[in-house]
Amino acid sequence: MKSLSPTDQLFLWLEKRQQPMHVGGLQLFSFPEDAPDDYVAQLAEQLRQQTQVTAPFDRRLNSRLGQPVWVHDEHLDLEHHFRFDALPTPGGVRELLRFVSAEHSHLMDRERPLWEFHLIEGLGNRQFALYSKIHHSLVDGVSAMRMFQRMLSTDPSKRNMPPIWALPRRSGRKTDDGQPSLWQTIGQILGASGKQLGTLPKVTRELLRTVNEARKDPAYDSIFHAPRCVLNEKITGSRRFAAQSYSLSRIRGICQAFDTTVNDVVTAMCANALRTYLMNQDALPEKPLIAMVPVSLRKDDSAEGNQVGVILANLHTDEPDPVERLIKIHQGIRAAKERYANMSSEEIINYTAMLLSPAAFHLLTGLAPKWQTYNVVISNVPGPKETSYWNGAKLEGMYPVSIAMDRLALNMTLTSYNDQVEFGLIGCRRTLPSLQRMLDYLEEGLTELEQAAAR
């Protein structure tokens with residue numbers, strides 16, 4: 001039996017029909033070179049034999065004295081959690097994304113362990129896909145990414161590798177080396193961040209300085225006043241998922257031309273996609289959109305966990321020139337990082353908590369519309385740095401599938417893999433129609449910056 005932390009309980013409390021609180025991932029694989037045509041069916045049969053389910057996948061919810069706890073599920077039905085699916089013809093990317101969109105819209109049964117693992121055939125070109133979803137009360141997105149990386153190998157000849165639900169237990173605990181999700185940040189706001197009272201004087205000074213600097217910006221009367229936008233309306237339970245890979249070398253070429261970072265460029269790509277999409281919907285606010293961007297602030301290569309902060313990044317969606325927009329985004333993110341450079345990790349955590357507390361209150365209650373601190377989340381979760389394989393099948397792409405919720409209808413999450421940047425966009429299907437067009441606008445933003453760099 002294991003008690004749920006207050007943060008884990010928050011994820012359960014937040015969940016409702018239009019607001020599923022699970023994270024997910026989509027992975028695309030190529031058959032091993034020597035694999036037969038019925039390789040995926042054989043793989044499905046092998047996975048059905050993996051009945052020794054390890055933590056946390058063996059846990060289900062129970063109640064003790066009115067409080068939720070995790071207990072071992074003595075009657076776990078693997079057939080319910082592992083599913084072998086086939087796409088309808090023609091079995092292309094469109095059918096795959098439709099499948100993920102539909103599955104990610106569905107709530108999971110709280111009487112069972114809160115995870116699903118889908119093996120998907122019918123893609124053609126000797127490829128198959130995996131789609132998994134795990135409730136955020138059970139595991140966060142970064143931990144899920146770490147477990148998935150443990151499932152992989154850089155050796156294409158390695159076989160008999162278990163799926164994620166049957167990974168052997170680890171003896172030691174590794175420090176977190178990824179970015180926090182929005183929900184981890186809200187958990188800090190509501191809980192642990194208040195413990196380091198000694199940081200409050202400096203944190204308060206920095207927060208006041210941030211507010212005063214924001215007031216000097218003619219676009220804003222307060223740092224807690226992002227513009228009203230369709231991205232921040234109530235949503236339905238229906239989801240649209242869109243995903244695309246972009247070459248990291250293309251992005252780095254722009255970084256070299258304009259002396260910016262990879263994070264600056266991908267943020268500028270997102271800004272272009274949002275600007276173009278909302279313009280086409282006749283819904284672009286006059287004031288620039290604000291993004292909540294988790295950023296790593298590690299200063300060395302020590303084994304300790306990263307210093308991590310959250311930046312409220314002005315996306316400058318009111319700026320028509322893509323290069324000017326990139327430079328302004330770069331300057332804003334750099335200024336925020338410089339502020340964090342003079343703060344301890346405890347001060348950074350508490351500063352972030354105080355900065356985002358109005359947004360958390362509005363997101364959770366909807367009672368403070370004037371405290372719309374940001375319009376969208378743009379999050380980057382590091383992935384494998386080398387070409388990876390699972391039982392000889394080559395991993396071609398991996399795309400994060402995150403959470404949309406009331407007053408936050410779009411989540412733009414990306415991960416790195418080998419020499420690629422993989423975007424996963426999840427949003428409310430009704431609030432944001434034709435969401436998949438944002439993939440074209442991401443490409444357009446990248447191409448415009450490449451053309452400007454060439455000049």
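1. Where is Arg126 found? Arg126 sits in the loop between strand 6 and strand 7 (127-135). Helices (H or I, at least four residues) and strands (E, at least two) are DSSP runs, numbered from the N terminus. Arg126 has a positive phi of about 50 degrees although it is not a glycine. With a relative accessible area of 34%, Arg126 is partly exposed. Here buried means under 20% relative accessible area, exposed over 50%, and partly exposed in between (1.4 Å probe, protein chains only).

2. Basis of the values. This is a predicted model, in which local features need pLDDT of at least 70, side-chain atom pairs count only at pLDDT 80 or more, and totals for chains, interfaces and linings use all residues. Residues are numbered from 1 along each chain as its sequence is written, and side-chain values use heavy atoms, with hydrogens and water left out.

3. Backbone, continued. Asn391 also has a positive phi of about 50 degrees and is not a glycine. Asn391 lies in the loop between strand 12 (389-390) and strand 13. At 9% relative accessibility, Asn391 counts as buried.

4. Cis peptides. The bond from Ala55 to Pro56 is cis, with omega near 5 degrees. Pro56 is in the loop between helix 2 (39-48) and strand 3. Thr89 and Pro90 are also joined by a cis peptide bond, with omega about 10 degrees. Pro90 belongs to the loop between strand 5 (82-86) and helix 4.

5. Salt bridges. The structure holds 13 of them, each defined as a side-chain nitrogen of Lys or Arg within 4 Å of a carboxyl oxygen of Asp or Glu. One of them pairs the side chains of Glu15 and Arg110 (2.9 Å, N to O). Glu15 is in the loop between helix 1 (6-14) and strand 2 (22-30) and Arg110 in the loop between helix 4 and strand 6 (115-121), so the pair ties together parts 95 residues apart in sequence. Glu15 is buried at 13% relative accessibility, whereas Arg110 is partly exposed at 32%.

6. A second pair. Asp73 and Arg60 meet through their side chains in a salt bridge (4.0 Å, N to O). Asp73 is in the loop between strand 4 (67-72) and helix 3 (78-81), and Arg60 is in strand 3 (residues 59-64), 13 residues apart. Asp73 is buried, at 10% relative accessible area.

7. Asp406 and Lys234 form a salt bridge (3.2 Å, N to O). The two are 172 residues apart. Asp406 is buried at 0% relative accessible area, while Lys234 is exposed at 55%. Salt bridges that share partners join Lys16, Lys234 and Asp406 into one network.

8. Surface patches. Patches are made of residues with over 30% relative accessible area and no salt bridge; like charges are joined within 9 Å, nonpolar side chains (Val, Leu, Ile, Met, Phe, Trp, Tyr) within 5 Å. Asp321, Glu324, Asp440, Glu444 and Glu448 gather in a patch of negative charge. Helix 12 (residues 437-454) gives the most to the negative patch, with three residues. Phe361, Leu367 and Trp371 form a nonpolar patch, with about 340 Å² of accessible area together. Accessible areas come from the Shrake-Rupley method with a 1.4 Å probe. Phe361 lies in helix 11 (residues 345-365).

9. Helix 4 (residues 93-104). Its twelve residues reach 16 Å from first C-alpha to last, close to the 16 Å expected at 1.5 Å a residue. The expected span is 1.5 Å times one less than the number of residues. Among the buried residues of helix 4 are Glu95, Phe99 and Glu103.

Key. Lys, Arg positive; Asp, Glu negative; His and termini not counted. Charge placed at Lys NZ, Arg CZ, Asp CG, Glu CD.
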